[in-house]
Amino acid sequence: MAIVERPTAPLELTTGQVTARQPLGGFTRPQATTGWRSWLTTVDHKRIGIMYGAAALFFFVIGGVEALLIRLQLAAPGQKLYSADLYNQLFTMHGVTMIFLVVIPMGAAFMNYLMPLQIGARDVAFPRLNAFSFWLFLSAGLMLNTSWFLGGGADGGWFAYAPNTGVTFSPSHGMDFYALGLQMAGIASLVGAINLVVTVLNMRAPGMTMMKMPVFTWMGLVTQLLLVFALPVISIALFLLTFDRLFDANFFNVAQGADPLLWEHLFWIFGHPEVYILILPAFGIVSEIIPVFSRKPIFGYPFMVFSGIAIGFMGWGVWAHHMFASGMGPLSVAAFALSTMFIAVPTGVKILNWMATMWGGRLRFTTPMLFAIGLVTMFTIGGLSGVTHAVAPSDTQQTDTYYIVAHFHYVIFGGALLAFLGGFYFWWPKVFGYTLSETLGKWHFWTILIGFNLTFGPMHVLGLQGMPRRMHTYIADYGFEFWNLVSTIGSLIIAVSMLIFGWNIVASWRAHRADPVDVGPDPWDARSLEWSVPSPTPVHNFDEVPTVSRLDEFWHHKYQEDETGKVVRVATGAEAAQKGDATDVHLPSPSYWPLVTALGLPLIAYGLIFNLGLAVVGGLVVLIGAFGWGYEPADDPEAGHGHLGHDGHDDGHDGAEAEIEGGEAADATAGDGESQPAGVSAPTASASDERAASDD
Amino acid sequence: MSTGQQPAARRRRFAPLALILPLVLLGACAADAPQDTMDPAGPQARSIDNLFNGVFLVAVVVFVVVEFGMIALIVRFRRRRDDGDDDLPTQTHGNTRLEIAWTLLPAVLLAVVGFFTLRTLFDLEQRDDDDLTVQVVGQQWWWEYAYDLDGDGEHDDVLTANDLVVPAGVDINLDIQSNDVIHSYWIPRLNGKKDAVPGRTHPLQIHADEPGVYVGQCTEYCGLSHGYMRQRVVALPPDEFEAWLEDQATDAEMPTEAEAAAGAELFTTQCSGCHLARGINDAEFEEQGSGTELIVAENAPDLTHFASRGTFAGALFDLWVDADGDGFVEHDEIGGELNRADLEAWLRNPPDEKPMDAPYVPEPGGDKVRGMPNFNLQEEQIDQLVAFLATLD
Amino acid sequence: MTDTAFTEHSADPSLHDKGVPSHATSTGVSNEKLAMWVFLGSDCLLFGGLISTYLLLRHRSVTGPGPEDVFDIPFTSVSSFVLLFSSLTMAMAVGAIHRGDERRCRTFLLTTALLGAVFIAGQVYEFTSFVKEGLGYTTNIFGSAFYTLTGFHGVHVSVGIVLLLSLFVMSVRGRLGAERAETVEIFGLYWHFVDIVWILIFTIVYLIP
């Protein structure tokens, strides 16, 4: 039966097939919607988004500690705080952690939470797959980090150039952890990407055409498409490495005729789109924040969208600019130098459009706005140093020096991370129902800006003075001492700054507990649909799925032109927003199986490294998970009708309670159609039992 | 949220920004930076530097426009205290002409940069095969240089390590190769870097205008002691270079002095698994192989003219005392006062001085290990070896 | 009634399409089918990476045996034809379920699975004979590249067979009626994709010298 949202009546929900509550006999379907167990079994895109964010911050602490250890070693020349071996593991794991376990999942946190809300959907297309993605990512991250206790971390650099990563040159298990851990993280991202692509393409609210989607959602879509096509390439590279290391294959065995450049090409064909995977969500976040605090619409929406798409496309043609010194021949170098220069064009368009958005605005310098401006100013530096790398001859002087380290930290830290931090401040009230302290937020911003520039600014100098990367120590009298010390001091300031952020979260939460303030649905006078629902977002997102007729639909509910053509406020945010009191929205039900399935894969990985028997056990766990998953309908018709209750504590974590209703249920716009990883499934969700295992 | 007292704070926020740029410029000109990329000492490095300076200038202009434009925006369009909450600014949605303009402008600018980039790029690829060609072979964690004296195309006549000795004032071709993992050969003041990839030969040219010492480091991460893998180019006046080359082609002579002779004996028994000193242990080295099964790179430095080099252990340590205190052992300081302290420490326990995966003395046919192991030499033996090594000039 | 209600406040023309089965999506394609298309797009890059790797490596072996020493083109042609033929039976299964003919659909699903199994059996036989001729996985670089590429494809076919058998069991239990024709159709996409990839692999690996 088709489902429809009627603007005036409560949601009408039709039924699916009534299926067993105990699909595998022994297990009861999880019912809890509060307490820690509910987090393990949740399929709610908002909770999954929150968990992505929390996990990313957790790994950020690990990666940050690794960075601090690196900086301490380099504070002065000739220091031997730890061995070359440990240092090599530290910088390898720092890179792996920050890229795969911090920035990607932090982007995933925002995209999971916000993209369904911004397109007016109730959940993602495949909620259980979404949970699976998260748990697999978390398993991969933890598995990678257990290598510290099981013989040492990976020591081949995050780029893992063959043949240095072969068993001969890297005999510890570190690179096995790297190959298998990233393989898992890759599968997690791929599954999540397919899910979000389908969600954005298919689950937009009525009237939400592609060119009415918020810029963040657009950038998210481009990011996910990049992931869909880039991940299989790194997947192949990692398979080849794994087969070489574990099964004595010859892919990177030079004695057998292998060409090590194969790895470099495979890695960077993934690795360069990866850079845009890291930065595009950040661009999206800034494109949301700047208009709100300029009180103007984004300048040149179509240009913003198309430049994002252009970056996505051109991102595929620039990978070999990481290899200008690799000896691949002058013609390739020339081609990639030119393509790399021209990818700066759409990026520059974005910078100028943000500035044009601010032009003529009424700028409010809230913490999110400060971070957004921080991205524009800092990313510009990173972008400009990027252009000097596109100039291939000068890149041969700069590549693999600290100049490169400075460049990509200005892009990833000064770009992606500053935007994500701004995003935390911006959407925190929406997610948790309370605002982070502006005072502490501004302390956070200024300290991180200063610390960041002190840490990475001097690295430009160091690089131009000829200090190579990845040296566990350096000798005195080469002019490296002063700037390295400055850099180390800067890194300590960043650490303090992040402590301020942590303290802000705790202190603001405590203040809110002691004296709850209702932030309302729209604390910033914002523009997109996520602000049209109460804060924290009710479990069912929208009481009724909005009908969209314009870009910035919600803003147009608050402001309209009067007779004279002047735009005036016609409603407050609270008046224009939905009330969040719908009680009969049917939501996808929690499930154990994504968790179970995701836990099997690290067992397989450990098994491949240490004991094949364990791999068999892991395989069985995956099979059981997939089997249980297949037998379980996406919606439990007897449970889980969303209900907006006023819960005891307004922190948003446990904001929603379920109302058990028997009988008729329906698939609403969200939560319909759930399929197993391979995507073979039935047209309607509630009838989608009896599914076979996937090949993912 | 914001109040009217923000501008001062905002100006402060840009203080670090405004500082960075001049610091970059200043820092790059620092005096004691022997690996400075912006202090070229040869035509290749100079053409790169000229190109970089131009691009850097363009980047600085864009930087100033954007960053100061941002400051101007912040000051000019900040919300004033008397702005009402419902008072909206003019709602502009875009300006297609403007946007097309600022799409095309950078494109044109980049096209110009691209033109000069390609010109320099192809210029740098020019190579005259008649010039002196040296084979540069990277291995964990040192560089070997091979010269072809008899012109048969085989670079097997002179083998040396650490210091690449070349004539000054002429173009030199380097054929860059690797014996194990990927390394990268880089002498910043002479040219950009080029990776040494096993199984491939990559061309690079260098040209030192003046005689002198030019230092560099391996710049592709190559495992454990990557940070200690160094190299030097020693450029000599052409006539001195010819004399040097002639000398290098000769065999070493068995020392006559007692301690050194004992050292030669010790060298022959202990070191022949990996090291060759032509004229001293040819037979033993031949017999024990070149360490084929012993080390990954299947090679160790040829020590025939060990004492003619300025450095040892992958150019990590000075072999001779730096008499003039300028930080480098120049050609005329070689043969002066031996840097005994570092050499003895090295022989006492090499992996302690430079991390290597050589925890034990390798047995023929045993597991492959990398680098020089600790032979647990007695102090007396160390003295003998040092005495012997000093004769290998 | 519901479609009417929808169109009343829907600005997206695609939603007017009454032919959209059972629930409306913005594109008119069901989530599952769209997901399958996206997945197959991703899988193209997976095989793209494997095939390029093979192409780069196949002539770099320093020891034999090489492709010309082991390949038995007539044999592989036959098993390729079997796999190709299974695409036809797959298409017929999809056609049958759309007409509501569950019995024929079942028959064709099983036939497709059997043909797939014959192909896999052929691959197993082929691998065994190659190993006997001295081409192991670790023998040379060609061996590693060849077994990895064809192995990945074989795994795809095997997964397909398992899914086909699951569909068959569902059908026997009466849970694969005409209303779920799209499930069969979506699986069909996967199966055709795997076949097309094999045509590529067969051409590139076996036919082009």
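Helices here are DSSP runs of H or I with at least four residues, numbered from the N terminus. The model is predicted.

**Exercise 1. Describe helix α10 of chain A and what comes after it.**

Step 1. At 1.5 Å a residue, the 15 residues of α10(A) should span 21 Å. The end C-alpha atoms of α10(A) are 21 Å apart, which agrees.

Step 2. Check burial. A residue counts as buried if 20 or more other C-beta atoms lie within 10 Å of its own. In α10(A), 15 of the 15 residues are buried, so the helix is largely enclosed by the rest of the structure.

Step 3. Look past the helix end. α10(A) is followed by A:Gly360, and the phi of A:Gly360 is positive, near 80 degrees.

**Exercise 2. Which elements of chain A supply at least two residues each to the side that touches chain B, and how does that side divide by class?**

Step 1. Count the residues on each side. Chain A gives 89 residues to the contact, and chain B gives 88.

Step 2. Assign the residues of chain A to elements. At least two residues each come from the helices α3 (84–118), α8 (301–314), α9 (330–342), α10 (344–358), α11 (367–390), α12 (392–398) and α14 (438–464), and from the strand β2 (567–569).

Step 3. Sort by class. The side of chain A that touches chain B has 49 nonpolar, 29 polar and 11 charged residues.

**Exercise 3. Find the residues with the most contacts inside the largest nonpolar core, and list what one of them touches.**

Step 1. Locate the core. The largest nonpolar core has 377 residues. Inside this core, A:Val197 and A:Val286 have the most contacts.

Step 2. Find the main contributor. Helix α13 of chain A (residues 402–432) gives the largest share of the core, 23 residues.

Step 3. Follow A:Val286. Leaving out residues up to four places away in sequence, A:Val286 touches A:Trp354, A:Ala372, A:Leu375, A:Val376 and A:Ala419.

**Exercise 4. Work out the strand order and the edges of the five-stranded open sheet in chain B.**

Step 1. Write the order. The strands run β3-β2-β1-β5-β8, with mixed pairing.

Step 2. Name the edges. β3 (158–161) and β8 (202–206) of chain B are the edge strands, and each pairs on one side only. Direction ignored, neighbouring strands of this sheet are turned by 30 degrees against each other on average.

Step 3. Examine one pair. Strand β5 of chain B (residues 172–178) and β8(B) are antiparallel and share five bridges. Within this pair, B:Ile172 has B:Ile206 as its bridge partner, and B:Asn173 has B:Gln205.

Step 4. Four of the five residues of β8(B) are buried, and the strand is mostly covered.

**Exercise 5. Describe the three-stranded open sheet of chain B and the helix that lies across two of its strands.**

Step 1. Write the order. It is β4-β10-β9, and the pairing is mixed.

Step 2. Name the edges. β4 (163–167) and β9 (212–217) of chain B each have a single partner strand, so one side of each is left without a neighbour in the sheet. From one strand to the next, the twist averages 20 degrees.

Step 3. Examine one pair. β4(B) and strand β10 of chain B (residues 230–236) run parallel and are joined by five bridges. B:Val165 has B:Val234 in β10(B) as its bridge partner.

Step 4. Place the helix. Helix α4 of chain B (residues 238–249) lies across β4 and β10, at about 130 degrees to β4(B).

**Exercise 6. Place C:Phe152 in chain C and state how exposed it is.**

Step 1. Chain C has seven helices and zero strands. Of the 209 residues in chain C, 42% are buried.

Step 2. Locate the residue. C:Phe152 is in helix α6 of chain C (residues 141–172).

Step 3. Apply the burial cut-off. C:Phe152 has 18 C-beta neighbours inside 10 Å and therefore counts as partly exposed.

Step 4. Relate sequence to space. C:Phe152 and C:Leu50 are 102 residues apart in sequence, and their C-alpha atoms are 8.7 Å apart.

How values were computed:
Residues are numbered from 1 along each chain as its sequence is written. Chains are lettered from A and ligands numbered from 1 in the order in which they are written. This is a predicted model: local features need pLDDT of at least 70, side-chain atom pairs count only at pLDDT 80 or more; totals for chains, interfaces and linings use all residues. Two residues are in contact if their C-beta atoms, placed from the backbone, lie within 7 Å. Ala, Val, Leu, Ile, Met, Phe, Trp, Tyr, Cys and Pro count as nonpolar, Asp, Glu, Lys and Arg as charged, and the others, Gly among them, as polar. Two strands pair if DSSP finds at least two bridges between them. Axes are lines fitted to C-alpha atoms, for helices over the stretch in contact, and angles run from 0 to 180 degrees between N-to-C directions. A nonpolar core is a set of buried Ala, Val, Leu, Ile, Met, Phe, Trp, Tyr and Cys residues joined through C-beta atoms within 7 Å. A residue is buried if 20 or more other C-beta atoms lie within 10 Å of its own, exposed if 12 or fewer, and partly exposed in between; C-beta atoms are placed from the backbone. The expected span of a helix is 1.5 Å times one less than its number of residues.
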